[in-house]
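Subject: Structure handover and notes

Hello,

Here is the structure you are taking over. Please open it beside this email and follow along.

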Amino acid sequence: MANVFITADLHFGHKKIMEYESRPFDSVEEMDETLIENWNSIVSREDKVFVLGDVGFYGKQKMSECISRLKGKKLLVMGNHDRRKSLSWWRDVGFGEVSKYPIVYKDFIIMSHEPPTYTPPDTPYFYIYGHVHSSEMYKTITDTSCCVSVERWAYKPVYLNTIFDMLVTYQNG
């Protein structure tokens, strides 16, 4: 049975993100290679990976090369940087499905690039998002949400069941 993984904010080819987020890489090439190696160390060809935006800054050929090296069936929920390209552009570089808007998964998980602006305490939904990277304003996990920016998960996608295991631990204090 295929596993489900989620990640966000890869920023392939984005040199400035190493400075903005204090990413521990000496070059863009090292960052890109580490992201690809880390992804492939836990994702199999049959697995599904939701990428919640901000994939990268390369042109079509180089982006296609990066995405083709990543294992699994890749689905993109576009982020603010991804919207510079069309849905078909992202499909052409290797995403099986692409959405401009948040998606609902398994009837109660809302996946989006950006965090919700308000979450009622009695919400029946669980929000998974990226965008905020390592910002201390946002916790990695709460009762109603989880941030999957790569900086928070050792530069790897996170297994969906890991999020739910952490949620149980969080709720049990």
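Predicted model: local features only at pLDDT ≥ 70, side-chain atom pairs only at ≥ 80, totals over all residues.

Residues are numbered from 1 along each chain as its sequence is written, and side-chain values use heavy atoms, with hydrogens and water left out.

The sheet

Helices (H or I, at least four residues) and strands (E, at least two) are DSSP runs, numbered from the N terminus. Strands of a sheet pair through backbone hydrogen bonds, either parallel or antiparallel. Here, two strands count as paired if DSSP finds at least two bridges between them.

There is an open sheet of 5 strands in the order E4-E3-E2-E1-E9, and its pairing is mixed. Strand E4 (97–99) and E9 are at the edges with a single partner strand each, so one side of each has no neighbour in the sheet.

Both senses of pairing can be found in it. Strand E2 (residues 48–51) runs parallel to E3, with 4 bridges, and Lys48 has Lys73 as its bridge partner in E3. Strand E1 (residues 4–7) pairs with E9 in the antiparallel sense over 2 bridges; there, Ile6 has Val158 of E9 as its bridge partner.

How covered is E3? Of its 5 residues, 4 are buried, so the strand is mostly covered. Buried means under 20% relative accessible area, exposed means over 50%, and partly exposed is in between (1.4 Å probe, protein chains only).

Salt bridges

A salt bridge is a side-chain nitrogen of Lys or Arg within 4 Å of a carboxyl oxygen of Asp or Glu.

Glu19 forms a salt bridge with Lys16, and their closest N and O atoms are 3.7 Å apart. Glu19 is exposed, at 56% relative accessible area, while Lys16 is partly exposed, at 44%.

Arg23 and Glu151 meet through their side chains in a salt bridge of 2.8 Å, N to O. Arg23 is in the loop between H1 and helix H2 (28–42), and Glu151 is in the loop between strand E8 (145–147) and strand E9 (158–159), so the pair ties together parts that are 128 residues apart in sequence. Arg23 and Glu151 are both buried.

Arg69 forms a salt bridge with Glu33, with 2.6 Å between the closest N and O atoms. This pair also links distant parts of the chain, 36 residues apart: Arg69 lies in the loop between helix H3 (60–68) and strand E3 (73–77), and Glu33 lies in helix H2. Arg69 is partly exposed at 39% relative accessibility, and so is Glu33 at 31%.

Cysteines

A disulfide is a covalent bond between the sulfur atoms of two cysteines. The cut-off used is a pair of cysteine sulfur atoms within 2.5 Å, and the structure holds 0 disulfides. Cys146 is in none; its nearest cysteine sulfur belongs to Cys147 and is 6.9 Å away. Cys146 is buried, at 1% relative accessible area, and Cys66 is buried at 5%.

The largest pocket

On a 1 Å grid over the protein atoms alone, a pocket is an open set of points where a 1.4 Å probe fits, with protein on both sides within 12 Å along at least five of seven lines; lining residues have an atom within 4 Å of a point. The volume is the space filled by probe spheres set on the points, which are joined across faces, edges and corners. For the largest pocket it is about 170 Å³.

Its lining residues include Met1, Tyr105, Lys106 and Phe164. Helix H5 (residues 160–171) gives the most to this lining, with 3 residues.

Two backbone angles

Most residues other than glycine have a negative phi. His11, not a glycine, has a positive phi of about 55°. His11 lies in the loop between E1 and H1 and is buried, at 1% relative accessibility. Lys106 also has a positive phi of about 55° without being a glycine. Lys106 lies in the loop between strand E5 (103–105) and strand E6 (109–111) and is exposed, at 57% relative accessible area.

Regards
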